[in-house]
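Hi,

Here is the structure I promised to pass on.

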Amino acid sequence: MTEFPKLSYEALTVGEEFVSDPHLVTPEDIEAYAFAVDDHHPWFSGPSPFGGPVAHPTLMANQALHLRHSKYVVHAGLHAKMEFNFLEPVRPGMRVRSRGRVIDKYERRGRQYMVTEYVTEDETGQALVRGQFTQMLIPEGTRHAGR
Amino acid sequence: MPVAEAIAKGHELPSLTKELSQRRIDVYSGVRPRSIHTDEDWAREKGFRTTLAQGMMSTAYVSEMMTRLLGAGFVKGGTISMAFIKPVYAGDRLTVHGVVKATRPEGAGTRVVVEVWCQNQHGEKTAVGTASGLAP
């Protein structure tokens, strides 16, 4: 049974790891994502140079970004930086999961940040996307001052 | 346009313009309470004037621009590195820009590095970074 403590800068440990549940990529996921980002490339639903439909390269980014939700209740946060390395296309029918590790946390100008490196893999363990992201924590009981 | 011209250093990529409706943000982020992306009251409580788009929507737009430039060489072998420097709000209109910054040999092809940025309807930069991919 997983417990979900509230995420705080103090609770977070550099080196701690996260793993998502597997997600079956469906044609509906790809279609919904295409609507969300208003990009209806023909490769998303028809032939592509990869032998069949492929998803938008950033389709599974939210799976990675939400990794910390697999362990913590997250009060609020802002995404500060994102890096992607697209290694293999994500295709409908794959079962993909993301794994991540906290590689840094730091405070700057009164704000708290965490840095996570991640990989998104298919069911065989083949890496599809690698990268890292930096998230700002907005502690409970505080407001973001705006940027 | 010939590939060599499209990837020449200094070449400006065709820009993209995106309208960020709340409906698109809802589909991107999934509607839930206590989310700065989909719960307006919560976003205000957290100090924002209204709901915000996820920063990653901007990376998706850059991905679209790069796929238009490089096709399969971005879908497999592409990279994006971006910093989100200003909030993007529901109702904003973003324009995505790119300028070829460098090219270098990689394997049998050429890696094309593009400086990318997004600007809102007020001309303010909201995200900046680089993207790259492989040209045949």
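Below are my notes on the chain contacts and the strand pairing.

A word on conventions: this is a predicted model, so local features need pLDDT of at least 70 and side-chain atom pairs count only at pLDDT 80 or more, while totals for chains, interfaces and linings use all residues. Residues are numbered from 1 along each chain as its sequence is written, and chains are lettered from A and ligands numbered from 1 in the order in which they are written.

Starting with the interface, 33 residues of chain A are in contact with 31 residues of chain B (contact: C-beta atoms, placed from the backbone, within 7 Å). On the chain A side, helix H1 (27-37), helix H2 (61-65) and strand S3 (77-86) each give two or more residues; the largest share, eight residues, comes from S3(A). Helices (H or I, at least four residues) and strands (E, at least two) are DSSP runs, numbered from the N terminus.

S3(A) also pairs with strand S2 (residues 79-84) of chain B, antiparallel, over five bridges, with A:Lys81 partnered by B:Ala83. Pairing here takes at least two DSSP bridges between the strands.

Within chain A, follow strand S4 (residues 95-108). S4(A) and strand S5 (residues 111-121) run antiparallel over 11 bridges. These two strands form a hairpin with two residues between them, and A:Arg109 in the turn has a positive phi of about 50°.

Cheers

Note on methods
Two residues are in contact if their C-beta atoms, placed from the backbone, lie within 7 Å.
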